[in-house]
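I opened this entry to record what I looked up, going residue by residue and then turning to the chain as a whole.

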Amino acid sequence: MNHKLQTWLQSYGIEGTLTPLTGDASFRKYYRIDDGMQSGIVMDASAQPESVAPFVDIAHRLHEAGVRTPKINAFEPILGFVFMEDLGKKHMADVIATEAKSIYPQAIDTIIKMQKTDTNGLPAYDKAFLLFEMGLMKEWYLDKYLKISIPQKEQCIIEESLESIANVVLEQPQGVFVHRDYHSRNIMIDPQERLTVIDFQDARVGAITYDLVSLLRDVYVELDPQEVERLALYFRDSKGISVDDATFMKWFDFMGLQRHIKILGIFARLALRDGKEGYLKDIPLTLKYVTEVAKKYEETRELGEMLILTTQK
């Protein structure tokens, strides 16, 4: 237990047992504390204290845009501590089986609200960053996890495909707030049944479909493809985007390719570098998304075929 964290809490008159909670993919740790007078969630980001200031800043921006986020009661940016509202234990993932028809439109409406958030000063999801993220797939998934030596021809296929993906992503409207990890485990349902957004500190400015893809092609929950398309077009219509179905779905698909190619690399890195092997079980669905979407388009068909072959070796 971090004694500095306990001392900091005591300075606010907060004492009680810190119960560890399941963390995320970062080095942050989370605890629930209940001292009989009040309860709350404590984030210990002492391993990444630089993440606290963005967390607080973006929480304020989202609140101003009308997006429900946990209320921050106290924070210490130098030590890396945050004491915030306890929202309970219910995540969107817990109710999808029974409430999918009602909760997905609500979650999509929340994206539309998020996209009104002030983005001044946030980093851009530009072409260089899109390509950098996708490069994690080759480095960590193919090279280090599968230990595959990629011939020059296949390396060219990868590079050309990733370039095409980035270009199509940048064809769609840009300049909106992007949560970057908006999925069923990062959406909570508070005691008043309101959707509440968490884990938003890495936000950037980017494409309109990024958070939509994160939600509808969640790497932890698979929806029926027809339902995915219906909900994607619900977003388009609710947002008032004047573009035909095929064009919008191509934007959506290529944004998904960018995200899921990146995630293949991230899941492999979490296992190999950070010892978080639990993420390996989510690689099959992530890979399925990549290969099934890639085969639909001329620009990415060879990449999809290559990834299928490499995993069969």
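**Thr117.** The model is predicted, and I began with the surroundings of Thr117, which, once neighbours within four places in sequence are left aside, is in contact with Arg61, Leu62, Ala65 and Phe177. I located Thr117 in the loop between helix 3 (92-114) and helix 4 (127-145). I then looked up its accessibility and noted 5% in relative terms, so Thr117 counts as buried, the cut-off being under 20%. For its side chain I found a reach to the backbone oxygen of Met114, at 2.7 Å.

**Lys262.** Is Lys262 buried or exposed? I read a relative accessibility of 5% for Lys262, and because of that value the residue counts as buried. Lys262 belongs to helix 8, which covers residues 245-272. I checked its side chain for polar partners and noted a polar contact with the side chain of Tyr210, at 2.7 Å. Not counting residues up to four places away in sequence, I listed Tyr125, Glu133, Met134, Leu136, Arg180 and Tyr210 as the residues that Lys262 touches.

**Gly265.** I stayed in helix 8, where Gly265 is also found, and read a relative accessibility of 0%, so Gly265 counts as buried. Which residues is Gly265 in contact with, leaving aside its neighbours within four places in sequence? I noted Leu136, Met137, Trp140 and Tyr141. For the pair Gly265 and Met137 I also looked up the C-alpha separation, which is 3.8 Å although the two residues are 128 residues apart along the chain.

For Asp199 I read 13% relative accessibility, so Asp199 counts as buried, and I noted a phi near 60°, a positive value in a residue other than glycine.

**Lys147.** I looked up the backbone of Lys147 too, and found a positive phi of about 55° although Lys147 is not a glycine. Lys147 lies in the loop between helix 4 and helix 5 (152-171), and at 65% relative accessibility it counts as exposed, because the cut-off for that is over 50%.

**Whole chain.** I counted 10 helices and nine strands in the protein chain. How does its radius of gyration sit with its length? For 313 residues a compact globule would have a value near 20 Å, and the protein chain has 20 Å, which agrees. The C-alpha trace spans about 65 × 45 × 40 Å along its principal axes. Buried residues make up 52% of the 313 residues, and, among contacts with a separation of 6 or more, residues 24 or more positions apart account for 70%. Last, I looked up the charges: the protein chain has 37 positive and 47 negative side chains, and the centres of the two sets lie 1 Å apart.

Note on methods. Residues are numbered from 1 along each chain as its sequence is written. This is a predicted model: local features need pLDDT of at least 70, side-chain atom pairs count only at pLDDT 80 or more; totals for chains, interfaces and linings use all residues. Side-chain values use heavy atoms; hydrogens and water are left out. Helices (H or I, at least four residues) and strands (E, at least two) are DSSP runs, numbered from the N terminus. Buried means under 20% relative accessible area, exposed over 50%, partly exposed in between (1.4 Å probe, protein chains only). A polar contact is a pair of N or O atoms within 3.5 Å; within protein, one must be able to donate a hydrogen and the other to accept it, and residues adjacent in sequence count only if both atoms are side-chain atoms. Contact means heavy atoms within 4.5 Å. The radius of gyration is taken over C-alpha atoms; the globule rule is 2.2 Å times the number of residues to the power 0.38. Lys and Arg count as positive and Asp and Glu as negative; His and the chain ends are not counted. The place of a charge is taken as NZ of Lys, CZ of Arg, CG of Asp or CD of Glu.
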